Amino acid sequence: MGKLARNVTIVGAGVSKFGVFPKRSSRDLFVDAFQETLASVDHGIAPNDLEALFLGNFTSDTFEQQSHLGPLIADWIGVPSIPATRIENACASSGAAFRQGVMAIASGMHDLVLVGGVEKMTDLPVENATDSLAMAADNTFEVQQAAFTFPGVFAIIASAYMDRYGISPEHLMRVAIKNHHNGSLNSKAQFNRTIQDLMEARSKRLTERGQPVPEWGDELGFLQDLAGNPLVAWPLRLFDCSPISDGASCLILASEDVARTLTDTPISVAASAHASAAPLADRDELTSIPSTKQAAQIAYSMAGINPEDVSLSEVHDCFTIAEVIASEDLGFFPAGEGALAVAEGRTNRDGEKPINTSGGLKAKGHPVGATGGAQLTELWTQLRGEAGQRQVSTKNLEYGLAQNLGGSGNSCVVTILKRGIS
């Protein structure tokens, strides 16, 4: 696949706070992200300058009983007449929406578009939200016959990986420890506390109740305690799972000529790739996601780089095992070494291959329709050197990669951003 026909540049980006907001709708959350995005454009922009909206959203139909969300969001942000399209690709919805926006600019159809995503998930009881999410699985084989929801899907993936490569559940726990530490530095994260913070808070509660406090010793000991970190689907425990979340993300894309008038620090789209894969029942193995491998190969070719050139990445850690496998499928580490790399600190913010500096889905939160856009917003912020306490400062950042997964890996969007204009 060749390069884009026209350069595409991100000139603004923003996210709402991620979390649980019972009195707020998708429209309200998107406004928060949109206002932050407008404010982030170096030389300012008016909403009426936008020519189209591509909105990622998985299932507002069941979460909020509201379909046809694109035009409603466009009206809510004050641009009711622009073409607005909702893109549904499960958890990869806003990654796919971003790609549609890229193609709209690259084709010459538009010069300035808004892309983003939103999901309002927490108004439903957990069991109903779980059922809604399961609609992204293969209903015939994964849901009806195997009785899987997504914790079950990724539990068998984790089990296969542990059996094949000899790792332990503790290796997965270290992914959670790392991502919660990153999330503690992200004011927009749903969980902006470290595992150490959570351990100390639990110790305090037990003491106040006059109950014995276990001798956890460290964060790993705390996560090994089933009382505070119960099993969800073996070997995955509570802290291996991303939360149910509300939130929104936004980015503004521009053609090169327009971008030069709007920003002093352009971040360009070096590659945008989308691949699909068969459901679990038709795959040869469980320890790799074929769509990630294929999309990554296309993206590297389009950008003209190798995995070694990627400065940092945001990957789809819906479960801790998903980050491990993604780090291998993207070519950062050989098969079977992704979990070891986490334990060795190689994916820390100051490591050789920083992963999920935002806190990832695990700590930042996972409002599924907003996740892909939030990943790209983090990369945009890091590449501009504006990430504050969580800024990666150990290397000169040039390329950032986002891997946004849908369903059990049936969809994957890989995007590579580059500092400057390509």
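Reader: Which residues line the largest cavity?
Author: The lining of the largest cavity consists of F154, I157, I289, T292, H316, I321, A322, I325, A326, D329, Q403 and L405. A cavity is a set of points on a 1 Å grid where a 1.4 Å probe fits but cannot get out, and lining residues have an atom within 4 Å of a point. This is a predicted model, with local features needing pLDDT of at least 70, side-chain atom pairs pLDDT 80 or more, and lining totals using all residues. Numbering starts from 1 along each chain, and side-chain values use heavy atoms, without hydrogens or water.

Reader: What volume does the largest cavity have?
Author: The largest cavity has a volume of about 60 Å³.

Reader: Which helix gives the largest share of its lining?
Author: Helix α13 (320–329) supplies five residues, the largest share. α7 and β10 (399–406) also give at least two residues each.

Reader: How many lining residues are nonpolar, polar and charged?
Author: Eight are nonpolar, three polar and one charged.

Reader: Turning to F154, what does it touch beyond its sequence neighbours?
Author: Leaving aside neighbours within four places, F154 is in contact (heavy atoms within 4.5 Å) with L236, C318, F319, I321, A322, L405 and G407.

Reader: And which residues have the most contacts inside the largest nonpolar core?
Author: They are F150, F154, Y300, F319, I321, L330 and I416, in a core of 60 residues. Such a core joins buried residues (under 20% relative accessible area, 1.4 Å probe) through side-chain atoms within 4.5 Å. Helix α7 (residues 150–165) gives the most to this core, eight residues.

Terms used:
Buried < 20%, exposed > 50% of the residue type's maximum accessible area, 1.4 Å probe, protein only. Helix = DSSP H or I, 4+ residues; strand = E, 2+ residues; numbered from the N terminus. 1 Å grid on protein atoms, 1.4 Å probe; cavity = no way out; pocket = protein on both sides within 12 Å on 5 of 7 lines; lining within 4 Å. Points joined across faces, edges and corners; volume = space filled by probe spheres on them. Nonpolar A, V, L, I, M, F, W, Y, C, P; charged D, E, K, R; others polar.
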